[in-house]
Amino acid sequence: MTARILVVDDIEANVRLLEAKLSAEYYEVLTAYDGPSALAKAAKEKPDILLLDVMMPGMDGFQVCSHLKNDPETRHIPVVLVTALDGRSDRILGLEAGADEFLTKPIDDVMLFARVRSLTRLKMVIDELREREASGRRMGVIAGASARLGGTGGRILIVDDNERQAERVASELSIEHRPVVESDPEKALISSKGPVDLIIVNATARTFDGLRFAAQIRSDEATRHVPILAIVDFDERSRLVKALDLGVSDILPRPIDPQELAARARTQIKRKRYTDYLRDNLDHSLELAVTDQLTGLHNRRYMTGQLDALVKRAVLGGDPVST
């Protein structure tokens, strides 16, 4: 799986290093050396991912990220902030600006490519939905106004056998959302088929395999689009990479920081509502394509499709089409 990646850094050596690493893995690499150039190139080239340095003169990475996420044409592009900083406040600031992840210099190649693969899969899904929605708009079957999609008031399922940790997570999230805790993975699988905006799973649970649970969520057609936030020990790098490769949407390091938890949950819920909005528009456009808007009855296009199928079945020995 390849992608077009825009690398943004004011230091040329850093840009060339990342460009070499990504090109060696057959990614197409675009480059920019300051904030305004990055915004212009993102708007024009529509890259799949941005690797964005935080510390830049003039317009820093936080400001660039905020501009990208506030623009309807670029808000869907995943942004990874690359920084020499590893402080809590900087991480929270980046997440609240809309960043999807942080990578700390010197960059761990394994984590870099795991993150790129994960975000590329996400971007491909959103691109397909956006393209289909755009077709609906051109045909006039989807209205031009877009919905206001926030990241609060979400329905969150917390799957964790650590009672103390689960209660703490639920308490923090209840300020903005409606969390429910489930310690039994079998019951959680049933609950996940209901109206859920986000699943938070303890990937280091003792009584069940959190990654297997995540894999089951992703393999079920009814739940595969629900975002998953996995609680992981960052020291367990192999488990962290495996979580991303299985399709986990985001990872939350232990010990859990309340503000980081809130920011990551908000981002995932907002993204889910956006993709749900695109899917609903697509379903609506398909329905309008085969329905007469005045009477609400199926139109000739629908009848032709149905009649063709009935005639083929009759030819093969099935019930006659008419008598």
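**Exercises on a predicted model**

Both Y27 and F113 are buried. The structure treated here is a predicted model.

**Exercise 1.** Determine how many aromatic pairs a search of the whole structure finds, and classify the geometry of the rings of Y27 and F113.

*Solution.* 
1. The ring centres of Y27 and F113 are 6.4 Å apart, and a pair requires centres within 6.5 Å.
2. Planes under 30 degrees apart count as stacked; the planes of Y27 and F113 stand at 5°, so the pair is stacked.
3. As to location, Y27 lies in the loop between α1 (12-24) and β2 (28-32), while F113 belongs to helix α5 (residues 109-139). The two residues are 86 residues apart, and the pair thus links distant parts of the chain.

**Exercise 2.** State the order of the open sheet of five strands, and explain which strands stand at the edges.

*Solution.* 
1. The strand order is β7-β6-β8-β9-β10, and the pairing is parallel.
2. β7 (178-182) and β10 (250-253) each have a single partner strand, so one side of each lacks a neighbour in the sheet; these strands stand at the edges.
3. From one strand to the next, the twist averages 20°.

**Exercise 3.** Describe how strand β8 is joined to strand β9, and identify what helix α6 touches on the sheet.

*Solution.* 
1. Strands β8 (residues 198-202) and β9 (residues 228-232) run parallel and are joined by four bridges.
2. Opposite A230 in β9 stands V201.
3. Helix α6 (residues 163-173) packs on the sheet and touches β6 (155-159), β7, β8 and β9.
4. The direction of helix α6 makes about 170° with that of β6.

Methods: Residues are numbered from 1 along each chain as its sequence is written. This is a predicted model: local features need pLDDT of at least 70, side-chain atom pairs count only at pLDDT 80 or more; totals for chains, interfaces and linings use all residues. Side-chain values use heavy atoms; hydrogens and water are left out. Rings of Phe, Tyr and Trp (its six-membered ring) pair if their centres lie within 6.5 Å; planes under 30 degrees apart count as stacked, over 60 as edge-to-face and the rest as tilted. Buried means under 20% relative accessible area, exposed over 50%, partly exposed in between (1.4 Å probe, protein chains only). Two strands pair if DSSP finds at least two bridges between them. Axes are lines fitted to C-alpha atoms, for helices over the stretch in contact, and angles run from 0 to 180 degrees between N-to-C directions. Contact means heavy atoms within 4.5 Å.
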